[in-house]
Amino acid sequence: MSHRTLKTLLIMAAIAALCGRAAADKARVVISGATAEIQAFDERQVTFISFSGLAEVIGGVADWKMVGHEIEYVNDTNRFTFVIGSPFFKRNDSVFNMTYLAEFHDGQLYVPAATFIPFFNQVFPQKISWIKDSRTVRVESEYFNVTDLSVSAKANGLLIEIFLTSALAYDIFVTEGNWINVSIRDGRLNTPRIQSRRDSRYMYNLKTHQQKETGQVSIRLRRRVERWTHKIQEDPPRIQISIPDVNFDLVQVDTSPRIGPDDKIDIVVIDPGHGGSHYGAIGPKGSREKDVALDIAKELAKLIRKDKQFKVIMTRDRDKTVTLQERADAANEAQADLFVSIHANSSVKRHVRGWNVFFLAPAKNDSARAVAQFENSAFFRDKFNENPEMDEDNGGSFDDPILNILNEMIMTEFQAESHDFAMMMDREFRRHVRIPARGVDQAGFYVLNMVFAPSVLVEAGFISNVQEEKLLKQKDYRKKVAQAIYNAIKRFKNKYENQ
Ligand SMILES: [Zn+2]
């Protein structure tokens, strides 16, 4: 907190002390025992608080920017974008819904406290809550005792440090897939701070679990965990875990193929969409997306296998039903370096044509959202079959579950690399595939979300269009699509492997 902010806070606290409960056009902010007032108003029993006022009290404001109807708020780890008159806001690149509309009055941005504060709590480095009855935002900066994480490479291995406010008891257990799990007794995790330490150089994934009596930090490392040592250190108090490097010369004596996390980009997982009882889209002449996808995938596998630098894994190599979860699991078990899902698009408008490449991020437009809904529907079909109480006809409008689930879960870990991979595909498709370019787009695909690797989903043309259905059935066309994808994979390897 800056001195200026602290001074403002103390002055505001003195004023607030005069009244026990905030007036109807005010709300209170209680932070470290001090109280401040911010602007607020009620509309149809919903209290809107000034986020501008709150940000000034809690500090960390780096920048406010207003462009048209958008307002941006940036601090160390977050970039929030609000749209005046819309319930949707963005945190970094993910979209969230706070139910009520963001409003702008007298130069201040107002947000609905009851729905926004619980969300903000998840990303703010201190515990923050809204107490409706006393119109109070409470900030508990001393609440957390597991405050930060650091992962760094040392000459002989990896060093993981978990910072605490005082020595706490802990357990360490390593599980399959090079997960190192640290369970801290009475640990209260500063989840946003710890999550902000994700670093794809060292880890595939980072998870935090806050339970009543323990706080757990789990890291899936990019290197093998065979031995490890740990101790509590002082000044500052921290758990220190050292993971010495595995001697790779010894490992190579092993005759089994080494498919493990390493610095090479050599494991490519090809995912032919649909299959078995999931036909995908059907063309006017009766072609089925599942067959087209498999044929293109086979051409691609052939090309990649010729190039001895890569190992290819297919999520299916024949006409069989594979759930989206099983596809993602297969990729993760193989410790994929790249993941390509292959599909053919479809539209009720028969004249619509062209190829698309998608990467995972919240959809920006209706047509991208529609593609994701169609491709995700297999997941919901599986879920509905597991749960007979859910009626597929009622659940048939997939909009809400997908948005809800994906908004909570969208992985931003490989978003930059996936976007880059998609752009490389775009370049190669424009060169090799002679149908209209619909280019790169983003949407929330379930299968991409579950894969811990840069991944894209290719729609190789519109099976619903007579001309393109014909092309998709031609070996020559499929080979061209495969060539474009293969070239992009090589480009990606060249760019990222030697970084
Ligand atoms: Zn599909």
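Predicted model: local features only at pLDDT ≥ 70, side-chain atom pairs only at ≥ 80, totals over all residues.

Q: Let's zoom in on helix 14. What does helix 14 reach from its first C-alpha to its last?
A: Helix 14, residues 475-497, has 23 residues and spans 32 Å, close to the 33 Å expected at 1.5 Å a residue.

Q: Which residues of helix 14 are buried?
A: Start with the general idea: an α-helix has 3.6 residues a turn, so residues three or four places apart point the same way. Now the case here: the buried set is Tyr477, Arg478, Lys480, Val481, Ala482, Ala484, Ile485, Tyr486, Ala488, Ile489 and Phe492.

Q: And what covers the buried residues of helix 14?
A: The cover includes three strands, namely strand 21 (267-272), strand 23 (338-345) and strand 26 (455-462). It also includes helix 6, helix 11 (415-432) and helix 13 (466-472).

Q: At what angle do helix 6 and helix 14 pack?
A: In general, two packed helices are described by the angle between their axes and the distance between the axes. Here, helix 6 (residues 289-306) packs on helix 14 at about 50 degrees, and the axes are 8 Å apart. That angle makes helix 6 oblique to helix 14. As for handedness, the crossing of these two is right-handed.

Q: Which residues meet where helix 6 and helix 14 touch?
A: Helix 6 brings Asp295, Ile296, Glu299, Leu300, Leu303 and Ile304. Helix 14 answers with Arg478, Lys479, Val481, Ala482, Gln483, Ile485, Tyr486 and Ile489. Sorted by type, the residues of this contact are nine nonpolar, one polar and four charged.

Q: At what angle do the axes of helix 11 and helix 14 cross?
A: Roughly 140 degrees, with the axes coming within 8 Å. Helix 11 is therefore oblique to helix 14, and the crossing is right-handed. On the helix 11 side, the contact is made by Phe421, Met424, Met425, Glu428, Phe429 and His432. On the helix 14 side, look for Lys480, Gln483, Ala484, Ile485, Asn487, Ala488, Arg491 and Phe492. The tally for the contact of helix 11 with helix 14 is eight nonpolar, three polar and three charged.

Q: Now the backbone. Which residues does a cis peptide bond join?
A: The background first: most residues other than glycine have a negative phi, and most peptide bonds are trans. In this model, a cis bond joins Asp235 and Pro236, with omega about -5 degrees. Pro236 sits in the loop between strand 19 (229-233) and strand 20 (238-244).

Q: What is phi of Asp235, and is Asp235 buried or exposed?
A: Phi of Asp235 is near 50 degrees, a positive value in a residue other than glycine. Asp235 is exposed, because 5 other C-beta atoms lie within 10 Å.

Q: Where is Asp186, and what is its phi?
A: Look in the loop between strand 16 (179-185) and helix 4 (191-195). Asp186 has a positive phi of about 60 degrees although it is not a glycine. With 12 C-beta neighbours inside 10 Å, Asp186 counts as exposed too.

Methods:
Residues numbered from 1 in each chain as written. Axes fitted to C-alpha atoms, helices over the stretch in contact; angles between N-to-C directions. Helix = DSSP H or I, 4+ residues; strand = E, 2+ residues; numbered from the N terminus. Parallel < 35°, antiparallel > 145°, perpendicular 65-115°, else oblique. Left-handed = near helix turned anticlockwise from the far one by under 90°. Contact = placed C-beta atoms within 7 Å. Nonpolar A, V, L, I, M, F, W, Y, C, P; charged D, E, K, R; others polar. Expected span 1.5 Å × (residues − 1). Buried ≥ 20, exposed ≤ 12 C-beta atoms within 10 Å, placed from the backbone.
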